[in-house]
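Trainee: Hi! Could you walk me through this one?
Mentor: Happy to, let's have it on screen.

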Amino acid sequence: MTVISRLPGALEEEWDWQLAGACRGDSQLFFHPAGERGQAHDDRDRAAKAVCARCPVRERCLRHALAARERYGVWGGRTEEERRGMLRRRRRNRAHAG
């Protein structure tokens, strides 16, 4: 579940980037169905990432997913596992720097 307290406010400027998303209108590709495993899961992730690769708002999408702690789906060209790894590295880096 998305951490709602981390979502930006209701200002249009905070959300209008989504209108330019290459994924707009085809969200099924970005979220795996229950029980999907193995090659089917990998193929779907790869196809979603291919859409992200040509997306003009890919970086903004990834920033949103990391800030909101989006738990499911491919956002900004990164899977759930990849985003969790990015967040872990950030926490570790902050702990070592502080």
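This is a predicted model: local features need pLDDT of at least 70, side-chain atom pairs count only at pLDDT 80 or more; totals for chains, interfaces and linings use all residues.

Mentor: Side-chain values use heavy atoms, with hydrogens and water left out.

Trainee: Okay, how many helices and strands are there in the protein chain?
Mentor: There are four helices and zero strands, where helices (H or I, at least four residues) and strands (E, at least two) are DSSP runs, numbered from the N terminus. The order from the N terminus is α-α-α-α.

Trainee: And what share of the 98 residues is buried?
Mentor: Buried residues make up 32%; buried means under 20% relative accessible area, exposed over 50% and partly exposed in between, with a 1.4 Å probe and protein chains only.

Trainee: Let's go to helix 2. Which residues are buried there?
Mentor: His 41, Arg 44, Asp 45, Ala 48, Val 51 and Cys 52. They cover an arc of only 120° around the axis, which puts them on the same side of helix 2; the arc is taken from the directions from the helix axis to the C-beta atoms.

Trainee: What does the face turned away from that buried side carry?
Mentor: The exposed residues Gln 39 and Ala 53 are found there. As for the buried residues of helix 2, what covers them includes helix 3.

Trainee: Switching to helix 4, what span should its 18 residues have?
Mentor: At 1.5 Å a residue, residues 80-97 should span 26 Å, and the end C-alpha atoms are 26 Å apart, which agrees. The expected span is 1.5 Å times one less than the number of residues.

Trainee: Which helix do the buried residues of helix 4 pack against?
Mentor: Helix 3 (58-68). The buried residues of helix 4 are Glu 80, Arg 83, Gly 85, Met 86 and Leu 87.

Trainee: At what angle do helix 3 and helix 4 pack?
Mentor: About 70°, with their axes 10 Å apart. Axes are lines fitted to C-alpha atoms, for helices over the stretch in contact, and angles run from 0 to 180 degrees between N-to-C directions. Helix 3 and helix 4 are therefore roughly perpendicular to each other, a label for 65 to 115 degrees (under 35 is roughly parallel, over 145 roughly antiparallel, the rest oblique).

Trainee: Which residues make the contact?
Mentor: Leu 62, Ala 65 and Leu 66 of helix 3 meet Arg 83, Met 86, Leu 87 and Arg 90 of helix 4, with contact meaning heavy atoms within 4.5 Å.

Terms used:
Residues are numbered from 1 along each chain as its sequence is written.
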